[in-house]
Amino acid sequence: MAGDLSKLVQEAPVAVAGNGLLDRRVFLRGGAAFAAALSGYALARTAAAEPLADDPWSRETGAVTPALQTPSRFEKHVTRTLSNPKNDTRTSHARTPHHLVNGTFTPNSLHFTINHSGIPDIDPDRHRLVIHGLVRQPLVFTLDALERYPKVSRMAFIECGGNSAPMFSNEPVQATTQALHGLVSCAEWTGVRLATLLEETGIDPAAKWIVAEGADSLALHRSVPLAKALDDAMIALYQNGERLMPGNGYPMRLLLPGWEGNMNVKFLRRVKLTDQPAMSYYEGRTYSQILPGGKAYRFYFVQEVKSFITHPSYGLKMKGPGYYEISGVAYSGDGRITKVMVSADGGRTWGEAALQEPVLSKAYTRFRMPWRWDGGPAVLQSRAWDDAGKVQPLRAEFVAARGQTRKPVTNPLGFVNQHYNSLTSWAVDSNGEIKHVYA
Amino acid sequence: MFTPERLVIFAAALALGACAVMAPAPTGPKPGLGKPISEADIAAWDINAAPDGTGLPPGRGTPAQGAKIYVEKCVVCHGEKGTGKPFARLVGGDPVSSGIETPKTIANFWGYPTMIFDFTRRAMPFQAPRTLTDDEVYALTAYILALNKLIGENDEMNAQTLPRVRMPNRDNFIVRFPELTPSLPRIPQ
């Protein structure tokens with residue numbers, strides 16, 4: 001019987017690309033034959049399960065129910081990784097463990113943060129937001145006042161312009177998705193549209209930019225085109241239903257869906273309308289990117305279409321041949337994800353992944369691809385397309401345009417360059433070990 | 001100036017002009033819960049200094065004056081004469097053409113001298129930001145520019161002279177906005 005099922009799966013018309021990639025519609029059909037076929041395939045190679053008995057926790061009353069719940073003690077390893085745990089006088093990064101979570105939004109406790117001079121301890125009752133400059137009437141808003149305004153909620157990813165910087169290394173850095181890509185997260189943000197407040201201050205026709213500034217000790221400021229401010233910018237007050245986390249900008253931040261993380265100014269206290277960009281330290285220096293030959297990009301702004309596989313990936317181990325779900329996240333600062341293709345043979349052949357609904361603009365789209373690993377070598381890749389017509393560049397294309405380091409990157413916490421959105425490739429060997437490769 | 005009604009029309013025009021799906025323009029009652037404030041009462045926070053000199057305050061300073069303040073307040077982090085360590089170096093730097101990972105310095109990368117004034121005024125010293133007087137910030141800016149031989153040893157920096165200092169890398173930038181930001185709707189002129 002098991003042999004017959006195994007034969008059925010081998011012959012089923014579900015392979016869509018080389019090295020075991022199966023048709024994504026396996027999920028959608030939900031047919032008994034497919035389910036039987038896939039489980040049958042596993043049954044054919046797995047010893048029978050042990051008899052079942054009650055465990056101790058099933059025979060006693062459980063623990064007290066806490067006011068603020070935290071994950072199971074068995075999940076203590078699921079944490080952010082820190083670049084500056086002693087709070088030295090420099091930037092602190094906390095990276096999201098993509099390979100240890102799933103779904104399409106990031107829990108607040110695991111949302112990435114970057115703070116350039118620590119996290120300010122802001123009393124929300126004393127915090128003020130002022131909007132001034134090229135306006136009819138400068139106005140000051142308290143948090144209580146903003147609470148009473150019409151609000152909107154939306155999903156949006158935020159990605160640091162320097163996320164994936166180790167991918168500029170001329171040789172692949174052996175590190176998890178957390179170390180390589182941990183400076184992107186996705187959440188539901190709730191707040192007041194900036195356009196709503198600008199309607200009340202009025203806008204002088206000479207205004208072309210807004211300059212947003214935080215209440216942190218650096219008074220971090222970034223210039224944003226007025227067109228973006230009027231399009232989908234939000235004064236965000238809530239993150240996944242809770243007040244913003246302190247490291248994410250409590251009590252309010254500027255949210256610029258799809259745009260460079262640093263521009264989403266945290267601890268927002270001032271918005272000035274101007275006729276020119278401020279040319280701040282962070283826009284004129286830090287978030288400008290050196291190109292091969294020595295020119296540099298200024299005002300990159302958009303975090304362009306990108307995807308990476310989180311499962312399986314470096315740091316996880318394959319548990320024997322058979323069925324797996326390849327999955328990961330795709331997102332674009334230009335709009336909605338329209339397609340994700342997955343390869344298991346280093347880009348020789350590709351199959352289209354299933355996209356988890358709802359597929360939202362400028363938010364994570366989880367993609368899934370059924371895979372039957374035959375136990376041999378494989379190289380897994382994903383590649384995403386968006387509705388602005390952009391596609392994630394292949395590595396050769398990307399390196400030709402943006403360059404790579406002369407020497408291998410040895411410190412994955414460093415930032416050799418920014419705005420990497422090419423592919424990530426995971427090589428699986430016959431022992432089930434996963435390595436980061438360029439393919 | 002835009003009246004509220006015109007702003008709504010203007011936002012609607014924006015929406016029509018954009019290919020991307022956008023949230024509807026804000027409409028309906030205006031809560032009016034912001035409190036009016038004068039620019040004079042915002043002055044303590046309004047510390048932007050732009051490349052054309054907009055926002056630079058009155059005041060002045062020379063490299064020699066800056067050298068004294070530097071030894072007192074900056075050398076611990078930035079090293080003797082701006083040579084760096086433990087934190088950023090303020091003098092010299094490899095040409096940016098030597099690789100995409102070249103550390104960016106004032107001399108090899110920063111496009112405008114006002115960036116030095118603005119960042120020093122708002123963020124330095126790191127543990128005591130916004131404690132320097134405007135004269136001290138002009139003096140430190142002059143000192144750093146002179147260390148990099150971008151001004152003379154005796155050149156005074158003030159709101160008129162500072163914006164005229166030409167930074168070596170000024171014209172080496174490719175501005176991606178708006179031409180390379182196609183998903184952003186344009187404001188109709």
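**Reading cysteines and the interface of chains A and B**

Mentor: Cys74(B) is buried, with a relative accessible area of 15%. Keep in mind that this model is predicted.

Trainee: How far is the sulfur of Cys74(B) from the closest cysteine sulfur?

Mentor: In general, a disulfide is a covalent bond between the sulfur atoms of two cysteines. The cut-off used here is 2.5 Å between the sulfur atoms. For Cys74(B), the closest cysteine sulfur belongs to Cys77(B) and lies 8.7 Å away, so the distance is too far for a bond.

Trainee: How many disulfides are there over all chains?

Mentor: The count over all chains is zero. Cys160(A), for instance, is in no disulfide, and its nearest cysteine sulfur, that of Cys186(A), is 16 Å away.

Trainee: Is Cys160(A) buried or exposed?

Mentor: Cys160(A) counts as buried because its relative accessibility is 3%, and the cut-off for buried is under 20%.

Trainee: How many residues of each chain are in contact across the interface?

Mentor: Chain B contributes 68 residues, in contact with 85 residues of chain A. About 6700 Å² is buried between the two chains, and carbon and sulfur atoms give 62% of that area.

Trainee: Which salt bridge could I look at between the chains?

Mentor: Between chain B and chain A there are six salt bridges. One of them joins Asp46(B) to Lys272(A), with the closest N and O atoms 3.0 Å apart. On the side of chain B that touches chain A, the elements giving two or more residues include α1 (4–17) and α5 (114–123) of chain B. By class, that side has 41 nonpolar, 15 polar and 12 charged residues.

Technical notes
Residues are numbered from 1 along each chain as its sequence is written. Chains are lettered from A and ligands numbered from 1 in the order in which they are written. This is a predicted model: local features need pLDDT of at least 70, side-chain atom pairs count only at pLDDT 80 or more; totals for chains, interfaces and linings use all residues. Side-chain values use heavy atoms; hydrogens and water are left out. Buried means under 20% relative accessible area, exposed over 50%, partly exposed in between (1.4 Å probe, protein chains only). Contact means heavy atoms within 4.5 Å. Buried area is the accessible area (1.4 Å probe) that two parts lose on being put together, summed over both. A salt bridge is a side-chain nitrogen of Lys or Arg within 4 Å of a carboxyl oxygen of Asp or Glu. Helices (H or I, at least four residues) and strands (E, at least two) are DSSP runs, numbered from the N terminus. Ala, Val, Leu, Ile, Met, Phe, Trp, Tyr, Cys and Pro count as nonpolar, Asp, Glu, Lys and Arg as charged, and the others, Gly among them, as polar.
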